[in-house]
Each structure stands twice: as C-alpha cells, then as structure tokens.
Amino acid sequence: MANPKVAFYTLGCKVNQNETEALGALFKEHNYQVVDFDDVADVYVINTCTVTHLGDRKSRQIIRRAIHNNPQALIVVTGCYAQTSPGEVAKIPGVDLIIGTRDRARMVELVQEHQKGSAPESYVNDISKAQDFENLPVDRLINRTRAYLKVQEGCEQFCTYCIIPYARGPSRSRSVESALNEAGKLVEAGFKELILTGIHLGYYGKDLGGNIDLVYLCRELLAKTGIQRLRLSSIESTEISDELIDLMAEEPRFCPHLHIPLQSGDDDILKAMHRPYTTDDYRKIVEKLRTRIPDIGISADIMVGFPGEREENFAKSYAFVKEMGFMGLHVFKYSPRKGTPASEMTEQVSAQDKEKRSKEMLKLAEQGFRAFARKYIDKTMDVLVETTFPQGGWEGHTANFIRVVFPGETEKGAIVPVKLKKIVQNYVQGQLDKSRN
Ligand code: 5AD
C-alpha cells in the first residue's frame with residue numbers, strides 16, 4: 001500500500017510555524033508523505049490561531065477548505081483556537097480530532113486510532129497548570145536556510161487584551177542541553193541562521209533555576225554550535241538587559257535586529273493594557289540600543305483601537321511610533337477576546353476608527369522601512385540567500401533584517417555580499433558585489 005498522505009496548514013505566529021514543522025517531522029517518521037494542502041490527502045492538520053477574531057475566522061475557513069479538498073480525509077484541528085474554543089471547532093461538520101496546544105507528540109497515534117465517521121474527539125485539557133515543555137524536534141530534512149528553534153512556551157503576563165496565556169498556559173522552557181542538542185543538529189543539517197522563538201521569550205529560564213536566562217542560552221549556542229547567525233524573534237523592552245546589549249554589540253554572529261512589542265505609544269493606554277513600562281522607559285532602551293549597536297534594526301507590534309483609545313490617545317501613540325522610527329511595524333486592530341478584561345471595558349472603539357487608525361499606522365510602517373533602508377543604499381551587506389524571488393532572482397535578509405532581492409549566480413543557503421540599490425515597497429533591490437567575493 002502507498003504511504004498515507006498528510007497535509008498541513010499553519011495560521012498565525014512563528015511559534016505555530018515551528019510547531020507545524022515539528023509535526024511534519026513526526027508524521028514523516030511514521031512513513032507519511034507530506035503533500036500540498038490543496039492536494040488530496042488522507043489527513044489534514046490545521047494549526048490554528050486565536051490571537052484576534054480574524055484568527056478564529058480564518059481558522060474555520062481553512063478547516064472547511066480541508067474538508068472540501070477531501071471529504072473522506074481525517075481532519076485534525078490543533079493550536080490556540082482549538083485549545084480555547086474546542087466546542088466551536090467540534091460544531092464544524094467533518095472535524096475528527098481536536099488537539100489543543102499540548103499532547104501533540106501523540107498526534108500520529110491518535111490519528112491512527114480514530115475511525116473516520118465517528119463523533120469528533122477532543123483531546124483538549126486544562127493548560128493553566130502545565131509544567132512540561134514539549135520537546136518536539138524540528139524537521140531537518142526540508143530544505144530551509146533559517147531554522148526556528150522554540151525554546152520557551154506559555155505566558156504569565158496577562159495583558160488585559162490578550163487570550164494567549166489561556167491558550168498556551170504558564171511559562172516553561174526547553175532545557176539548555178536540549179536546545180544545544182537540537183541547534184547542533186540543525187547546524188549539521190546545513191542551516192545558517194537560528195531564530196529563537198517563544199511565546200514570551202524573555203521569560204526563558206525562569207523555571208529552570210540557577211542563573212539560566214536568555215543571554216546564557218545565547219552565549220552557549222554561540223560557543224558550542226557552529227551557527228553563523230543567531231536571531232531573536234521577539235523580546236519585551238523590559239527584558240533587554242545590559243548583558244544582552246553587550247553580547248549583541250560584541251558578537252558579530254548575533255544579528256543586530258530586535259522586535260520589541262510596543263502596543264501603544266500612549267502611557268494611559270499602556271497602563272490599561274497592563275503593560276509593565278511607560279513610553280519613557282521604552283524610549284530609553286531604544287536609545288541605548290542605537291548608541292551601542294548603530295546598525296540595529298528595531299521593529300515592533302502596535303495595536304490601535306484598544307478600549308478607551310480616544311483621538312488624543314491615538315495622536316500620542318502615532319507621534320511616539322513616528323519618533324521611534326521603526327524599520328518594521330506589525331499593526332493590529334484591537335479585537336475583543338472573550339474572557340479577557342479588556343473585552344468588558346466600556347468605551348470600545350468603532351470599527352471605522354480602528355480601520356482609519358490602522359491605515360495611518362501602516363503609512364508610518366512604510367515610511368519607517370524606507371528611512372531605515374535608505375541608510376544602506378549603495379552599501380554592501382551580507383545577505384543570507386533564503387528563496388528564489390517569484391519574479392526572478394533571489395531573496396534573503398541582511399543581519400539587521402532588511403529584505404533584499406537580487407539577480408545572479410548563487411545558491412540557497414549561501415551568505416553573499418550584495419550592494420543595495422533601490423527601495424521597492426517593503427524590500428530593497430540589490431546586486432551581487434563581485435569586488436567582495
Ligand atoms: N487584539 C488585537 N491584537 C492583539 N494582539 C494580541 N492580542 C490582541 C487582541 N486582542 C497582538 C499584539 C501582540 C501580537 C502578537 O498580537 O500586538 O503583540
């Protein structure tokens with residue numbers, strides 16, 4: 001009999017992407033063949049997102065698409081939406097298995113036990129006291145140049161808008177040994193860049209005891225693996241220590257790029273969000289980073305339309321974001337999440353105002369990227385070649401995270417000198433710098 005076929009779809013964040021890759025590896029170990037999502041597969045796994053209501057909606061759409069692609073297939077729904085709303089997922093006719101954000105190492109086993117046509121089964125359990133870190137290994141066979149390594153799970157911050165602590169449970173960390181082991185294998189398999197991910201990465205190590213923290217882990221990874229680039233996926237402003245800044249300033253392999261969620265540039269709103277800093281604190285960290293690491297690229301998440309955000313609050317937020325000059329900005333329209341304090345606050349902002357404010361922030365995002373990239377025009381930067389560009393040529397990122405597209409002779413996985421020439425939307429066109437070969 002031919003090998004059974006499995007297809008995956010990932011919604012949402014980098015952590016989800018990493019987990020889907022790990023699940024892919026698990027299925028392959030059990031002799032499944034991984035096929036495209038729109039092919040006819042025997043099993044479809046949808047790794048869902050619930051960070052906003054759009055995550056929920058898109059997750060439901062994709063579940064329906066899988067059922068449409070093959071009504072006979074086994075449909076497995078996992079991830080944050082499955083964890084927080086198993087009842088809603090079970091109501092979609094055709095869903096077979098609902099597995100939240102835990103017990104995923106058992107997924108293949110559960111798939112093999114389940115009879116298509118029987119009632120949907122839910123393996124979602126209480127996550128609020130979870131203590132274990134699920135060591136899912138990343139798929140090393142697929143041809144990628146950058147590997148995400150999840151080293152931390154869960155969040156205990158309970159920002160008033162956020163559902164994620166309920167979807168992911170408390171903070172827990174991968175052991176240093178396990179992270180080193182996994183990273184070593186990824187390097188051996190040819191990955192050039194390692195991106196550390198987590199739900200609340202700055203919390204890394206708090207549950208491990210001793211002096212183990214994120215900086216310790218980074219030092220170990222740099223010292224004990226041959227990784228050529230190390231990057232952090234996201235870190236809170238309050239968790240950027242002097243040690244981290246020193247390491248980033250002194251270690252050429254540590255990419256000078258940080259994604260530092262801001263959420264609002266207005267102090268009253270930050271307080272209502274239960275964010276543990278003021279705009280002044282945030283500004284100080286950014287100034288320190290830029291002084292110590294002049295080439296650093298700083299990006300952020302920003303939310304518009306949090307309850308109580310009036311025009312004057314938004315104006316302050318806008319002015320602060322402009323002042324910070326982020327090279328990248330993810331703009332979120334506030335979405336009330338059931339069970340979170342902010343969803344019950346009075347003074348919810350209208351959809352039109354959210355839309356308008358989001359558009360204004362998106363303009364700042366574009367301006368910020370241009371202003372940052374402009375500094376590097378006519379300069380030669382090292383670019384990690386990640387994929388082919390749809391319109392021809394190659395694309396990749398500089399260490400400080402400028403997306404670069406260029407033509408010429410090279411190959412995936414190489415780190416090559418590229419002269420940056422012209423800003424096009426959200427990337428820069430360049431050409432191989434032969435004088436530096
Ligand atoms: N509504 C809109 N955006 C949200 N985020 C988290 N919760 C919500 C919500 N309820 C955004 C934050 C966070 C990012 C991952 O998602 O900006 O940093």
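Which residues are linked with Glu 19 in a network of salt bridges?

**Entry 1: ground rules.** I am working with a predicted model, where local features need pLDDT of at least 70, side-chain atom pairs count only at pLDDT 80 or more, and totals for chains, interfaces and linings use all residues. Residues are numbered from 1 along each chain as its sequence is written, and side-chain values use heavy atoms, with hydrogens and water left out.

**Entry 2: the network.** I looked up the opening question. Glu 19 is linked with Arg 104, Lys 150, Glu 153 and Arg 168. I count a salt bridge when a side-chain nitrogen of Lys or Arg is within 4 Å of a carboxyl oxygen of Asp or Glu. The structure holds 31 salt bridges. Side chains of opposite charge can pair when their charged atoms come close.

**Entry 3: the partners of Glu 19.** I took Arg 104 and Glu 19 and found 3.0 Å from N to O. Arg 104 sits in the loop between β5 (97-99) and α5 (107-113), and Glu 19 sits in helix α1 (residues 14-29), so this pair ties together parts that are 85 residues apart in sequence. Helices (H or I, at least four residues) and strands (E, at least two) are DSSP runs, numbered from the N terminus.

I then checked Arg 168. Its salt bridge with Glu 19 has the closest N and O atoms 2.8 Å apart. Arg 168 is in helix α6 (residues 164-168), and this pair links parts of the chain 149 residues apart.

Are these side chains buried or exposed? I noted a relative accessibility of 1% for Arg 104, which counts as buried. Glu 19 is buried at 2%. Arg 168 is buried at 1%. Buried means under 20% relative accessible area, exposed over 50%, partly exposed in between (1.4 Å probe, protein chains only).

**Entry 4: another pair.** I looked up Asp 242 and Lys 288, which meet in a salt bridge of 2.7 Å, N to O. Asp 242 lies in helix α9 (residues 242-250) and Lys 288 in helix α11 (residues 279-292), so the pair joins parts 46 residues apart in sequence. Asp 242 is partly exposed at 41%. Lys 288 is partly exposed at 36%.

**Entry 5: the whole chain.** I counted 13 helices and 19 strands. The radius of gyration is 22 Å, close to the 22 Å that the globule rule gives for 437 residues, so the chain is as compact as a globular protein of that length. This radius is taken over C-alpha atoms, and the rule is 2.2 Å times the number of residues to the power 0.38. Buried residues make up 54% of the 437 residues.
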